[in-house]
Amino acid sequence: IIRSLDEIMAADAFDASGLFRAALRACRYQGQQIGLPFVADAGDNVLLYNQGLFQKADAELPSADWTLDDLARAGAALTRSANAEQSAVFGLGLDLALPSAYPLLHTFDAELVSEDGRQTAINNDAGVAFLRWAYEWLHQRRAAPRPAQAVAGLEAMFRGGQVAMWRGSLRQLADMQRAAATPPIGAALFPKHPATGRVGAAASGMAFCLSRRSQAPLNTFQWVKFITSQEMGVRMFLEGYAEPGCRVAAWNDPRILERYPICASLAETADNAQVIHLPWNLRYAECLDAWNRAIRPLLTNETTPQDCAARIARDVQQILEEAASRGEAGESLAPSAPSR
């Protein structure tokens, strides 16, 4: 269905050096460039924080050199129990659902499936360490709301001042800052791993592909080039349509940095982000569903991190081992796969 862009890019002498390298890698298949990104980022790896709650607790504001240990100390300082005069406040809103949680997984150097897509990769030291970290926030520190405490949703709790910090995206930051009813919000890169210094990032975004049936591929490619330009990226973001395109230069454009200085560090992480490993049979949505079903008992303290990892591995491995024709895999993927 999809045409390789390699010959077209060569004939056009197209310079892809300014595009996010991770996004380009994510658009390669069987050694060919089959898509050209026009919006790209590193996933939900922005730490949004309520400035008023930090000031009230006299806590140090998040910074670019924070690690997960700093995050834990701040979470403890900001968490408070409900009483007759005030509602409870949680240090961190913790969303463990995939695909949103991929940057968190990568912070711990963990993956859902192997690089070739044929084996589960979560039931190992890295995967269990990630799940144990989440378990501690939820059930030992009690600094993150559990499902029964987050009926309205984590974003609503963050907007309402019941959650002090929340992992989100640049778009969510921009949307909240434009909303008059939202409290003053600051942003920093989500903290790195204290031992390895790894910054969690997962290549995400949207890309254009050309159909094999296209009768004017070179002409169509000229339009795709325009959409992927630096100026288009800047305009898309300033007008509230999408992130600042797919070029490092767009994310570092003075018009962007004047409003959101964090974009400079976000551009670096997006350029070097990890590409999400896909199941060999393309049953991506089913693998995500298996993760999200298995993670819920961990949120409600009905299982341990080790048992949770084992269940995810078992369920995902079963999906990977199911023999599926290309047609069946395509039908499985199309209705429910994320659009980004």
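1. In β7, which residue is the bridge partner of V46? The partner is G168. This pair belongs to the contact between strand β5 (residues 46-50) and strand β7 (residues 163-168), which run antiparallel and share four bridges.

2. The structure is a predicted model, and its confidence should be read before its details. The protein has a mean pLDDT of 91, with 94% of its residues at 70 or more. Residues 325-340, however, have a pLDDT below 50; in the model this stretch makes 21 contacts beyond near neighbours in sequence.

3. Strands β5 and β7 are part of an open sheet of four strands, whose order is β6-β7-β5-β8 and whose pairing is mixed. At its edges lie β6 (90-93) and β8 (185-189), each of which pairs on one side only. From one strand to the next, the twist averages 20°. As a general point, strands of a sheet pair through backbone hydrogen bonds, in either a parallel or an antiparallel manner.

4. A helix accompanies these strands. Helix α8 (residues 170-178) lies across β5, β7 and β8. Relative to β8, helix α8 runs at about 165°.

Key
Residues numbered from 1 in each chain as written. Predicted model: local features only at pLDDT ≥ 70, side-chain atom pairs only at ≥ 80, totals over all residues. Heavy atoms only, no water. pLDDT = per-residue confidence, 0-100. Contact = heavy atoms within 4.5 Å. Pairing = 2+ DSSP bridges. Helix = DSSP H or I, 4+ residues; strand = E, 2+ residues; numbered from the N terminus. Axes fitted to C-alpha atoms, helices over the stretch in contact; angles between N-to-C directions.
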